Amino acid sequence: MTREHLFSQLWEQYTKQNPSALDVYNSFTTLGETVLNDHIAFRTFNDPRMDIKVLEKPFLKVGYIEKGSYVFETKKLIAKHYEIPNMPNEPKVFISQLVLEDFSKDFQNLIAERINSVENEVYKASDLILKGNIWGAPSFKIYNRLREESEYAAWLYVYGFRANHFTVSINSLKTLNTIEKVNQHLKDKGFKLNDSGGEIKGTPQELLQQSSIMAEKIEVRFSDGIHSIPACYYEFAIRYPDASGQLYNGFIAKSADKIFESTNFYDKK
Ligand code: NI
């Protein structure tokens with residue numbers, strides 16, 4: 001699979017599941033903007049059948065190399081980011097994994113039951129990253145039980161392997177060229193911003209500012225009924241040059257920590 005093919009399939013899967021993502025994208029392009037992706041993010045469990053080492057494979061194959069690693073202590077996550085050397089306009093890839101052993105036994109058992117419900121062979125597919133939920137209908141009761149310990153886990157339990165979010169590079173925009181303008185544009189269009197830790201995460205001094213909209217709620221068929229829960233979201237990022245004049249390419253853990261909450265369950269529409 002070529003890089004273009006991999007990303008177009010991820011995009012197709014993302015926008016098909018989250019029609020509002022396409023609305024966001026179109027709201028920029030109708031203003032004459034060209035939308036480039038800053039990064040695309042994925043979630044997984046630290047089980048060796050599907051951990052970061054497994055999910056990074058298709059990206060390493062198309063030229064990505066590992067550039068940074070991150071720890072999110074309160075959310076019990078670790079993450080790595082990848083770039084294509086000397087191609088700054090190619091999206092970075094961000095893969096995080098939940099550290100299962102840091103959770104309660106009951107929680108671990110529920111996840112193990114889900115993971116073990118399919119043959120190990122399933123996890124060896126070269127396109128695992130595109131497979132979505134490979135485990136069959138989830139239980140709404142278990143979804144809510146997992147949420148008590150980790151919203152991240154509850155999301156992954158339901159949606160499986162897919163892009164968790166795409167990220168508009170504000171640096172690539174001509175008119176909406178600040179994060180404040182982008183946020184106002186989104187609010188004008190009726191999107192709900194993630195305001196955990198403030199609408200804007202990070203500062204120009206930290207060389208990266210990010211914002212995101214709350215994940216669109218979609219109807220999911222659970223084994224115990226149809227329920228509307230948050231799916232994927234869209235993120236927005238602007239990067240600033242460091243002392244050497246190069247745009248900063250890493251991530252800020254304390255900002256990403258809050259961005260993760262964009263898939264938290266919320267009551268308001
Ligand atoms: Ni992100």
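Biologist: The axes of helix α5 (residues 105-115) and helix α6 (residues 140-147) come within 10 Å and cross at roughly 140°. So why are α5 and α6 called oblique to each other?

Modeller: Angles under 35 degrees count as roughly parallel, over 145 as roughly antiparallel, 65 to 115 as roughly perpendicular, and the rest as oblique. Roughly 140° falls into the rest, so α5 and α6 are oblique. The axes are lines fitted to C-alpha atoms, for helices over the stretch in contact, with angles from 0 to 180 degrees between N-to-C directions. The helices themselves (H or I, at least four residues) and the strands (E, at least two) are DSSP runs, numbered from the N terminus.

Biologist: And which residues make the contact of α5 with α6?

Modeller: Asp 106, Phe 107, Leu 110 and Ile 111 from α5, and Ile 142, Arg 145 and Leu 146 from α6; contact means heavy atoms within 4.5 Å. By class that gives 5 nonpolar, no polar and 2 charged residues. Ala, Val, Leu, Ile, Met, Phe, Trp, Tyr, Cys and Pro count as nonpolar, Asp, Glu, Lys and Arg as charged, and the others, Gly among them, as polar.

Biologist: Before we go on, what kind of model is this?

Modeller: It's a predicted model, where local features need pLDDT of at least 70, side-chain atom pairs count only at pLDDT 80 or more, and totals for chains, interfaces and linings use all residues. Residues are numbered from 1 along each chain as its sequence is written, and side-chain values use heavy atoms, with hydrogens and water left out.

Biologist: Take α6 and helix α7 (residues 151-159). What makes α6 roughly antiparallel to α7?

Modeller: The axes of α6 and α7 come within 7 Å and cross at roughly 155°. That is an angle over 145, so α6 is roughly antiparallel to α7. The contact is made by Ile 142, Tyr 143, Leu 146 and Arg 147 of α6 and Glu 151, Ala 153, Ala 154, Trp 155, Tyr 157 and Val 158 of α7. By class there are 8 nonpolar, no polar and 2 charged residues.

Biologist: Now the charged pairs. How do you know that Arg 49 and Asp 47 meet in a salt bridge?

Modeller: A salt bridge is a side-chain nitrogen of Lys or Arg within 4 Å of a carboxyl oxygen of Asp or Glu. For Arg 49 and Asp 47 the N to O distance is 2.9 Å, so the pair qualifies. Searching the whole structure finds 15 salt bridges.

Biologist: Why is Asp 47 called buried, and why is Arg 49 called partly exposed?

Modeller: Buried means under 20% relative accessible area, exposed over 50%, and partly exposed in between (1.4 Å probe, protein chains only). Asp 47 has 13%, so it counts as buried, while Arg 49, at 22%, is partly exposed.

Biologist: What about Glu 148 and Arg 145?

Modeller: Their side chains also meet in a salt bridge, at 3.5 Å from N to O. Glu 148 has 62% relative accessibility and therefore counts as exposed.

Biologist: What makes the pair of Glu 199 and Lys 187 a link between distant parts of the chain?

Modeller: Glu 199 forms a salt bridge with Lys 187, with the closest N and O atoms 2.9 Å apart. Glu 199 sits in the loop between α8 (179-188) and β6 (208-212) and Lys 187 in helix α8, 12 residues apart. Glu 199 is partly exposed at 28%, and Lys 187 is partly exposed at 36%. Elsewhere, salt bridges that share partners join Asp 106, Arg 145, Glu 148 and Glu 149 into one network.

Biologist: How do you know that Thr 44 counts as buried?

Modeller: Its relative accessibility is 0%, so Thr 44 counts as buried. Thr 44 lies in strand β1 (residues 37-45). Leaving aside neighbours within four places in sequence, its contacts include Met 50, Leu 98, Tyr 152 and Phe 161.

Biologist: Is Ile 129 buried or exposed?

Modeller: Buried, because its relative accessible area is 2%. Ile 129 is in the loop between α5 and α6. Among the residues it touches, not counting those up to four places away, are Leu 6, Phe 42, Leu 55 and Phe 161.
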